[in-house]
Amino acid sequence: MFSSFKIYNHLFIRLLLIVFGVAISFYLLEKDLIYTSIFSFFIVLLLLIELYLYIKNAFLLYDKTIEAILQNDFSADFSKHKSFKNYESLFKLFNNLKQKQNDQISKDIIYQSILNNIETGILILKKEENDWAIFLMNDYFSKHFTVPKVSKWSYLKNQLPSLCGIIEEQNFEEIKTSLQIRVNNQDTQTFVMQSSRSKTYNQDYYIVLLDSIQKVIEKKEKEAWINLMKVISHELLNSLTPIRSLSQNLHELVQQETLSQEDLEDMKQSVSTMLNRSNHLQQFVESYRKLAMLPSPKKEKVELSQLIEESLQIMAPLFKQEKISISNEISFKRWLEIDKNQMEQVLINLLTNSIYALSERKEKQITIAAEVKEKRIFITITDTGIGIDTEIKDKIFLPFFTTRKEGAGIGLTLSKSIVEAHGGYLAFQNENETTSFVICLME
């Protein structure tokens, strides 16, 4: 009857009944109806007991709900207490928090599953007062380093003293370094370590990532082989497919008893095309051989500015033909220990690329500069050309990759190999509508 009433309505009705019962009891007492009056008082007593139990249950339910929320215990079911309409908002809050907790648990399971399937050691520490606790250790970290999933930093120090020592030396600040760790009582392995520190909601976290250098190298080698095989198979198919088709056509022609003049012309054209494709295939193989059999540098002392001037003189006719302005900003003399012919080839390859990049530009400018920093010489060739598209940035140093119809796709690859054979590196950057290639060499 009163199921839709609020608590205060229930209390008001009960108090009215009690007051009415007391009034009736006194009235009956005045009329000398003693036994009836005693019975009436007994009814009032029962109403008081019922009121007490009602209030107790109401506040007990409230306390239980609040306690469950504070303890993050959402296992209780309050659906049977729907009659307490006054707590409807409280029950709604409880159910909303319960749903959010379930969603968060689902997300945590997914995140942990992702982290446990990553082949990188992941360790997350959480600051607790003046010490650190292990918030998360993924399966790869635990299995690879044979470390149980401990909860205390001190326990981990006993298992991996070399790793923990480096972290403590840096006072749990951001680190990017390499270190050697002995795994499974075998030889030490080298790992790349990256760490970061972040704070969220007054919580301090320290995240450590560990990658095996051997694994990184193997991954890069695999990617390089896949890309190389794609390029090689593409080139081979480009030549073999038309050769096979023409060979089949020639085979059909020679099966005829008589040949017309038109058939002879077809045969001549087919043989000529096959010869051209064969030459292209031979050039491709020669280019590959040149990359694979790059001779060791025969180093000698070469003066930098003289090397640059001689390279520019070789390219001067092409600069003049393409109306390209050259700016040589190298004003100092520096002696390098290099293979002059090989390094000259690198400069010619880079300048040739710049000429191609400037072919569709109105303002054609190539600038050559150099600087010395930390016992290294940086030679920079900058052009105002079309730049390098984002899509091909990771491919420009791949063998046989080219955007030029007449290009062989080995210039940059060969140049990179030569510079690396000298103990340096070749890099590039796009900036302010210019493209720069940087040759870094040790003095």
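**Strands, cores and loops in a predicted model**

In strand β12, Phe437 is the bridge partner of Ile381. This pair belongs to the antiparallel pairing of β10 with β12, which extends over eight bridges; two strands count as paired if DSSP finds at least two bridges between them. The structure is a predicted model, in which local features need pLDDT of at least 70 and side-chain atom pairs count only at pLDDT 80 or more, while totals for chains, interfaces and linings use all residues. Residues are numbered from 1 along each chain as its sequence is written, and side-chain values use heavy atoms, with hydrogens and water left out.

**Confidence**

- The protein chain has an average pLDDT of 78, and 80% of its residues score at least 70; pLDDT is the predictor's confidence in each residue, from 0 to 100.
- Confidence in the protein chain is highest in strand β6 (residues 300-303), at a mean of 91, and lowest in helix α7 (residues 213-254), at 71.
- Helices (H or I, at least four residues) and strands (E, at least two) are DSSP runs, numbered from the N terminus.

**Strand β10 and its partners**

- β9 and β10 also pair in the antiparallel sense, over eight bridges.
- These two strands, β9 and β10, form a hairpin with two residues between them, and Glu374 in the turn has a positive phi of about 50 degrees.
- Lys373 stands opposite Arg376 in β10.
- Seven of the eight residues of β10 are buried, so this strand is largely enclosed by the rest of the structure. Buried means under 20% relative accessible area, exposed over 50%, and partly exposed in between (1.4 Å probe, protein chains only).

**Nonpolar cores**

- The largest nonpolar core has 34 residues, and those with the most contacts inside it are Leu304, Ile308, Phe319, Leu350, Leu351, Ile439 and Leu441. Such a core is a set of buried Ala, Val, Leu, Ile, Met, Phe, Trp, Tyr and Cys residues joined through side-chain atoms within 4.5 Å.
- Elements that give two or more residues to this core include β9 (365-373), β10 (376-383) and β12 (434-442), as well as α9 (304-322) and α10 (340-357).
- The most is given by α10, with seven residues.
- Leaving aside its neighbours within four places in sequence, Ile308 is in contact (heavy atoms within 4.5 Å) with Asn328, Ile330, Leu347, Ile368 and Ile379.
- Another core, of 24 residues, lies apart from the one described above; Phe145, Val147, Trp153 and Val208 are among its residues.

**Helix α6 and the cysteines**

- Leu163, Cys164 and Ile167 are buried in helix α6 (residues 161-169).
- These residues cover an arc of only 90 degrees around the axis, which puts them on the same side of α6; the arc is that of the directions from the helix axis to the C-beta atoms.
- Pro161 and Glu169, on the other side of α6, are exposed.
- Asn171 follows α6 and has a positive phi, near 55 degrees.
- Cys164 has a relative accessible area of 1%, and Cys440 is likewise buried, at 2% relative accessibility.
- The structure holds zero disulfides, a disulfide being a pair of cysteine sulfur atoms within 2.5 Å.

**Loop residues with positive phi**

- Glu129, found in the loop between β1 (121-128) and β2 (131-137), has a positive phi of about 55 degrees although it is not a glycine.
- With a relative accessible area of 76%, Glu129 is exposed.
- Thr146, in the loop between α4 (139-144) and α5 (153-159), is not a glycine either, yet has a positive phi of about 45 degrees.
- Thr146 counts as partly exposed, at 44% relative accessibility.
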